[in-house]
Amino acid sequence: MVEVAEQKDSYRELFAAFQGRHRETAPWLQDLRRQALESFVARGFPTPAQEAWRHTDLRELAAAPRGLHPAEADVDEERLAGFLAASAGFHRLVFVNGSLRPEFSS
């Protein structure tokens with residue numbers, strides 16, 4: 001299992017890369033994101049010992065590989081078909097790994 005310090009460094013590196021790609025973001029939002037990251041790093045994932053999370057097991061999420069590589073995501077219309085509702089008369093925004101994919105949005 002990955003050591004806690006290594007996990008924290010991993011999240012900080014991902015955050016720095018994300019912030020680097022989103023330099024045009026408003027400074028107040030950058031600060032808010034930075035505060036959220038530091039709060040997460042200090043607390044970690046919620047545990048069943050916390051009342052609001054007592055029925056939610058996040059071990060699988062915590063162990064999942066981390067990365068923000070939307071440009072490399074293997075996504076196409078056929079793969080998305082099962083996730084998309086009929087779009088007649090509706091607006092649709094598709095996000096892959098947290099990034100808007102306009103080619104799948106309408």
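What pattern does the chain follow, read along the sequence? The pattern is α-α-α-α-β-β. The model is predicted.

## Overall makeup

The secondary structure comes to four helices and two strands. The chain has 106 residues, and buried residues make up 19% of them. Its accessible surface comes to about 8400 Å². Carbon and sulfur atoms account for 58% of that surface.

Contacts can also be sorted by sequence distance. Among contacts between residues at least 6 apart in sequence, 43% join residues at least 24 apart.

## Aromatic pairs

The count of aromatic pairs comes to three. One of them joins Tyr11 and Phe40. Their ring centres are 5.0 Å apart and their planes stand at 80°, so the pair is edge-to-face. This pair links distant parts of the chain. Tyr11 is in helix α1 (residues 4-21), and Phe40 is in helix α2 (residues 27-43). The two residues are 29 residues apart.

Phe40 also pairs with Phe45. Here the ring centres are 4.9 Å apart and the planes are at 85°, so this pair is edge-to-face. Tyr11, Phe40 and Phe45 form one aromatic cluster. How accessible are its members? Tyr11 has 18% relative accessibility and counts as buried, because the buried class lies under 20%. Phe40, at 24%, counts as partly exposed. Phe45 is partly exposed too, at 24%.

## Salt bridges

How many salt bridges does a search of the whole structure find? The search finds five. One of them is between the side chains of Arg12 and Glu38, at 3.2 Å from N to O. Arg12 lies in helix α1 and Glu38 in helix α2, so the pair ties together parts that are 26 residues apart in sequence. Arg12 is partly exposed, at 34% relative accessible area. Glu38 is partly exposed as well, at 36%.

Another salt bridge joins Arg34 and Asp31, at 2.9 Å from N to O. Both residues lie in helix α2. They are three residues apart, about one turn of the helix. Arg34 is partly exposed at 38%, and Asp31 is partly exposed at 38%. Arg59 forms a salt bridge with Asp57, with the closest N and O atoms 2.7 Å apart. Arg59 counts as exposed, at 65% relative accessibility. Asp57 counts as partly exposed, at 49%.

## Nonpolar core and Val94

Which residues make up the largest nonpolar core? There are five: Val75, Leu80, Val94, Val96 and Phe104. Leaving aside neighbours within four places in sequence, Val94 is in contact with Leu80, Leu84, Ser99, Leu100, Arg101, Phe104 and Ser105. Of these contacts, Leu80 and Phe104 are also members of that core.

Leu84 sits in the loop between α4 (77-80) and β1 (95-96). Leu84 is partly exposed, with a relative accessible area of 24%. Leu84 and Val94 are 10 residues apart along the chain, and their C-alpha atoms are separated by 8.9 Å. With neighbours within four places in sequence left aside, Leu84 is in contact with Glu77, Arg92 and Val94.

## A nonpolar surface patch

Leu93, Phe95 and Leu100 make a nonpolar surface patch of about 330 Å². Phe95 is in strand β1. Leu100 is also one of the contacts of Val94.

Definitions and conventions: Residues are numbered from 1 along each chain as its sequence is written. This is a predicted model: local features need pLDDT of at least 70, side-chain atom pairs count only at pLDDT 80 or more; totals for chains, interfaces and linings use all residues. Side-chain values use heavy atoms; hydrogens and water are left out. Rings of Phe, Tyr and Trp (its six-membered ring) pair if their centres lie within 6.5 Å; planes under 30 degrees apart count as stacked, over 60 as edge-to-face and the rest as tilted. Buried means under 20% relative accessible area, exposed over 50%, partly exposed in between (1.4 Å probe, protein chains only). A nonpolar core is a set of buried Ala, Val, Leu, Ile, Met, Phe, Trp, Tyr and Cys residues joined through side-chain atoms within 4.5 Å. Contact means heavy atoms within 4.5 Å. Accessible areas come from the Shrake-Rupley method with a 1.4 Å probe; for residues, only the protein chains shown count as cover. Patches are made of residues with over 30% relative accessible area and no salt bridge: like charges are joined within 9 Å, nonpolar side chains (Val, Leu, Ile, Met, Phe, Trp, Tyr) within 5 Å. A salt bridge is a side-chain nitrogen of Lys or Arg within 4 Å of a carboxyl oxygen of Asp or Glu.
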